[in-house]
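Open the model in your viewer and keep the sequence panel beside it. The stops below say what to select next and what is there.

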Amino acid sequence: MTYQEFHARSLASPEQFWGDQAKLIHWFKFPENILSKDEHKLFRWYQDGMLNTSYLALDHHVAEGRGDQAALIYDSPITNSKRIYTYLELLQAVELFAGVLKDQQVQKGDTVIIYMPMIPQAVIAMLACARLGAIHSVVFGGFAAHELAIRIEDAKPKVLLTASCGIEFTRVIDYMTIINEALDEAIFQPSSVIVYQREQYQAPLKSGRDYNWETLLQSAKPADYVPLKASHPLYIIYTSGTTGAPKGIVRENGGHAVAMQFSMKYIYGIEPGEVFWAASDVGWVVGHSYIVYGPLIMGATTVLYEGKPIKTPDAGAFWRMIEEYQVKVFFTAPTAIRAIKKEDPEGKLKQEYDTACLRYLFLAGERCDVATLEWSKSVLSIPVIDHWWQTESGWPMLANMVNVELLPIKPGSATKPVPGFDIRVVDSEGENMPPNQEGAVVIRLPLPPGCLPTLWNDTERFIKSYLAAYPGFYFSGDGGYTDEEGYIFITGRIDDVINVAGHRLSTSEMEEIVAAHPAVAECAVIGVKEELKGQVPVGFVVLKSNANIYEADLEKDLIEMVRNQIGPIACFKKVMLVPRLPKTRSGKILRKIMRHIADGEKYSTPSTIEDATVLSELTEIMVDMKVQ
Ligand code: COA
Ligand code: AMP
């Protein structure tokens, strides 16, 4: 079947199509109700099906005779350690840790926060929660205590799982200090904190609250999987929205499992027993879908890499991994490739390794610039596939589906919509834009299985953020355009979300922090193009008339405030003093124009601007300060 036929079938009869795809996985009870609407009139998939994701990822493969096959390869150049878990070993580890959780009274429907580095225990913890029907929420280790506290407050976890430390290149990050600060800030308190003590640093534990992971394992008994309704949430993952409060994206067991199996098979073209590697972090959606659940549900071998693309030890790290583990399909972010290219522009280190095993390189997480795509292709001599997705979708929405039909690659485009996604580019009235004209990227409802059904405890915000602007459609937050052949080009966010090194961050959240400084009268934080990370945030600050502070001191203060509240991952490193900000007559800051000026792009002066002379003033300052 051609891609065109496959995609058309999915839209012509979604129930039939996704009913067929549901047969790709093992259900305890196959759903009769493939697509329905809930009490809020929101679409839901497979409501009455029964399954367990941990069973699908582990027990099922052991039962099928795959127990001795490698399930998880852990490779940590940062700690100089490696370990391979077979399916049987991983199952046993998950069963036992599920027993630990059970001993802590964790039950189906409870939430558990996981704040851990890239170690096998993080994967084991996720699968153990899934086994019991506990809903995990993994928080990325680069977030500061305040961000963790917000998530604790919202998710209300029964238990918090962590490790004594994370390691960034050579820097040991003491996680317990972050946990302690977060729990000091949060009103809600989990009943216990379970800490995996790493060799590199042993954290002091608080008696009565903190428990040693290994000690609890010694007295635990293996716990069996709990059959769950397809609509039962598997996890919550928080992502940046356009306000300071992150959104709790909910992922349901049933739709997610089908989407994982479908995408592993058709998009990535992976067979059971093959090695698939996504070089991300379990704290991001890519890590959830394609380090943990996707490859394991498929019965493939997944790779957990605790390292960086460069300096661990060098820019050949990825190529070494591909050769050593015979990786068939590799997924990373364009930033990682740009980092390698910067260190090794001619790809000399690549020549030291035999990567003939690799069929495809997939890139996502941010816009992929043409130079990065071309460089990867020339170094690897294989198809390099840009694909587009979001935390909300949980799996690709635009892709070149290598196991259906490899379409000609057009650099700058993530190719065409994946089955189930009816993607349009529209104007502000919801009318389709003609080819090559930019508009908002929206998706006709229902979204296919696996995408968010709602936000955690906030259906109202879900409707307001995603569904209200274009009735009958989901608004992605991205802008883009199509070409005459139906290829879609995503050009970037059209809201206040920015993408720094493939990480999604909210500029309004940074603005709230900057505005809290006593010397700041008003401010705007915008994302400015940057060679390595794609975008970085820059703060533009107007001082209070009575402020008495040196620019360098203010910058230092603000950088520290953002770092302490959001985390180092915000990469907030530049602040500029300006006499005023461009505004409309009604007082709205014109951030979009500021972005255009900073990126050296053309813009048209809006008729609503209060005083257009501010734009040339701003341009001069940005040129002087080398922002432009
Ligand atoms: N825990 C604690 N701190 C973390 C962290 C973690 N898990 N991850 C990143 N940080 C810190 C970094 O140490 C750095 O701190 P610093 O400002 O003190 O140096 C800061 O957050 C910014 O990190 P990062 O953006 O990763 O920059 P970097 O300079 O350390 O590394 C790259 C540059 C290119 C190597 C790195 O950005 C990279 O690997 N990018 C690919 C990203 C990716 O795979 N994204 C996929 C998401 S799907
Ligand atoms: P996140 O939810 O963190 O995965 O970030 C999702 C956002 O990253 C999307 O809304 C896009 O803005 C951007 N993004 C992800 N993949 C791509 C891609 N292939 N091309 C362009 N932008 C992308």
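Begin with helix α14, where T459, R461, F462, Y466 and L467 are buried. Buried here means under 20% relative accessible area, exposed means over 50%, and partly exposed lies in between (1.4 Å probe, protein chains only). Helices (H or I, at least four residues) and strands (E, at least two) are DSSP runs, numbered from the N terminus. Now show β15 (247-252) and β25 (473-482), which are among what covers the buried residues of α14.

Before going further, a note on the model and its numbering. This is a predicted model, in which local features need pLDDT of at least 70 and side-chain atom pairs count only at pLDDT 80 or more, while totals for chains, interfaces and linings use all residues. Residues are numbered from 1 along each chain as its sequence is written, chains are lettered from A and ligands numbered from 1 in the order in which they are written, and side-chain values use heavy atoms, with hydrogens and water left out.

Select P446, in the loop between β24 (439-444) and α14 (459-467). The peptide bond that joins L445 and P446 is cis, with omega about 0 degrees.

**Around α11**

Another cis peptide bond is found between T312 and P313, with omega about 5 degrees. P313 is in the loop between β17 (301-305) and α11 (317-325). Select K311 as well, which is found in the loop between β17 and α11. K311 is not a glycine, yet its phi is positive, about 65 degrees. Is K311 buried or exposed? K311 has a relative accessible area of 52%, so it counts as exposed.

Move on to α11 itself. How many of the 9 residues of α11 are buried? The number is 7, and α11 is mostly covered. To display them, select A317, F318, W319, R320, M321, I322 and Y325.

Colour the protein chain by domain: domain 1 is 66-70 + 77-226, and domain 2 is 501-624. These bounds come from an automatic or database domain assignment. The C-alpha centres of domain 1 and domain 2 are 37 Å apart.

Next, look at where domain 1 and domain 2 touch. In this interface, 8 residues of domain 1 are in contact with 8 residues of domain 2; contact means heavy atoms within 4.5 Å. Between them, domain 1 and domain 2 bury about 610 Å², of which 52% is on carbon and sulfur atoms. Buried area is the accessible area (1.4 Å probe) that two parts lose on being put together, summed over both.

On the side of domain 1 that touches domain 2, select helix α6 (residues 145-155), which gives the most, with 3 residues. The residues of that side divide into 4 nonpolar, 2 polar and 2 charged. In this count Ala, Val, Leu, Ile, Met, Phe, Trp, Tyr, Cys and Pro are nonpolar, Asp, Glu, Lys and Arg are charged, and the others, Gly among them, are polar.

**Inside domain 1**

Select S164, in the loop between β8 (159-163) and β9 (165-168). S164 counts as buried because its relative accessibility is 0%. A polar atom of the S164 side chain lies 2.8 Å from the backbone nitrogen of R198. Leaving aside neighbours within four places in sequence, S164 is in contact with residues including I173, Y175, V195, R198 and A203.

For a contrasting setting, go to N80, in the loop between β4 (70-76) and β5 (81-86). N80 is exposed, with a relative accessible area of 72%. Phi of N80 is positive, near 60 degrees, in a residue other than glycine.

**Inside domain 2**

Select H517, in the loop between α15 (507-515) and β29 (520-530). Which side chain is joined to that of H517 by a polar contact of 2.8 Å? The partner is D557. A polar contact is a pair of N or O atoms within 3.5 Å; within protein, one must be able to donate a hydrogen and the other to accept it, and residues adjacent in sequence count only if both atoms are side-chain atoms. H517 counts as buried because its relative accessibility is 7%. Not counting residues up to four places away in sequence, H517 touches I549, L554, D557, L558 and M561.

End at S604, in the loop between α17 (591-598) and α18 (613-624). S604 is exposed, with a relative accessible area of 63%. Its C-alpha atom and that of K592, 12 residues apart along the chain, are separated by 11 Å.
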